[in-house]
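Please find below some notes for a reader who has not seen this structure before. They take the ligand surroundings and then the nonpolar cores.

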Amino acid sequence: MTGADPRPLGGRVALVTGGSRGIGAATVRELARLGARVAVNHRNSREAATAVLDEVRAAGGEGMVIQGDVRESAAWELMARQVREQLGPVGILVGNAAMSFPRGSFREMVWEDFHAKLAGELKAAFCGVQALLPQLVEAGDGCVVLVSSALARTVQSGFVAHGTAKAALTHFGRYLAGELGPVGIRVQVVSPGMVQTERTATLPQDFRERLREAAALRRLALPEDVARVIGGLVRPEAAFLTGTDTLVDGGTLLGG
Ligand SMILES: NC(=O)c1ccc[n+]([C@@H]2O[C@H](COP(=O)([O-])OP(=O)(O)OC[C@H]3O[C@@H](n4cnc5c(N)ncnc54)[C@H](OP(=O)(O)O)[C@@H]3O)[C@@H](O)[C@H]2O)c1
């Protein structure tokens, strides 16, 4: 009896936006573990992105660090060219970069801040997929994963900008799945609940504790919990899966 292929993404090239820390860094490690050559995107944190790539290389993997603000179409054109030249055609795009967002109620929010979050999330996905479309087709079984949020499905005080932008991103993913399926590109959305990252570590302890108790699995997610789901969605075994929205929240929104 033969075991499962330990490197099902062997020969594939994956670009992960916001790969320098948090869910993105865990996704880079996971896709590399599955055999992909990884392009680790960051905007400012070159050192952190390089450290992630060093880990990948130490484990026998390959890749590159690639700087670029994912909200800029020119940056996408450049990144697409650089990754193509150095690693080959991108077959897997993980749109993960965390666009900062204003917290506050609708009454307190100004349009400019709301709009910046909405435009940032959507422009990153729009320009990224457009810039890489020829490569995703060329690579075969092109896979796009957009990292959305459980807050796209529910309502939490102070998250009107983030939740609305992520809901738009999730639905954009469905449109992409419908339009790009015929050219062999699969598009998935992954929607995490709160994940323990540097960013969420500063949230008040009692808030984190309430979220932990609300989860059926009675713990908060680690970045690796999300990364493994992303790895599963882009494996060749998932070849008939597209247009999905996978909630990774430990059973917090059961029935909701
Ligand atoms: N953490 C959670 O609880 C949680 C829950 C649900 C969904 N999510 C979603 O999961 C994704 C990752 O979140 P995270 O918490 O892991 O993020 P994080 O730890 O804050 O890391 C953010 C990453 O995004 C990069 N980034 C930010 N703006 C960028 C830009 N304009 N262009 C390119 N890269 C940019 C950062 O790089 P630089 O440092 O170089 O800027 C960094 O690598 C996000 O889409 C987030 O909305 C997170």
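1. By class, the shell around the ligand in this predicted model holds 16 polar, 8 nonpolar and 6 charged residues. Of the 30 residues around the ligand, those that come nearest are Ser 20, Arg 21, Asn 44, Ser 45 and Val 195.

2. Several elements contribute to the shell: α1 (22–33), β2 (37–42) and α5 (160–180) each supply at least two of its residues.

3. A polar side-chain atom of Arg 21 is 2.7 Å from a ligand oxygen atom. In the side chain of Asp 69, an N or O atom lies 2.9 Å from a nitrogen atom of the ligand. Val 195 uses its backbone instead, with an N or O atom 2.8 Å from an oxygen atom of the ligand. On its own the ligand has 900 Å² of accessible area, and the protein covers 95% of that.

4. The largest nonpolar core has 31 residues, and Leu 15, Trp 76, Val 83 and Leu 132 touch the most other members. At least two residues of this core come from each of β1 (13–16), β3 (63–67), α3 (73–87), α4 (111–139), β5 (142–147), α5 and β6 (185–192). The largest share, 7 residues, is from α4.

5. Trp 76 deserves a look. Beyond its neighbours within four places in sequence, Trp 76 is in contact with residues including Leu 15, Val 70, Leu 93, Cys 127 and Leu 132.

6. Another core, of 30 residues, lies apart from the largest one; among its members are Ala 36, Ala 49, Ile 230 and Val 234.

Conventions:
Residues numbered from 1 in each chain as written. Predicted model: local features only at pLDDT ≥ 70, side-chain atom pairs only at ≥ 80, totals over all residues. Heavy atoms only, no water. Near = heavy atom within 4 Å. Polar contact = N/O pair within 3.5 Å; in protein donor to acceptor, adjacent residues only side chain to side chain. Areas by Shrake-Rupley, 256 points an atom, 1.4 Å probe, with all protein chains shown as cover. Helix = DSSP H or I, 4+ residues; strand = E, 2+ residues; numbered from the N terminus. Nonpolar A, V, L, I, M, F, W, Y, C, P; charged D, E, K, R; others polar. Core = buried A, V, L, I, M, F, W, Y, C linked by side-chain atoms within 4.5 Å. Buried < 20%, exposed > 50% of the residue type's maximum accessible area, 1.4 Å probe, protein only. Contact = heavy atoms within 4.5 Å.
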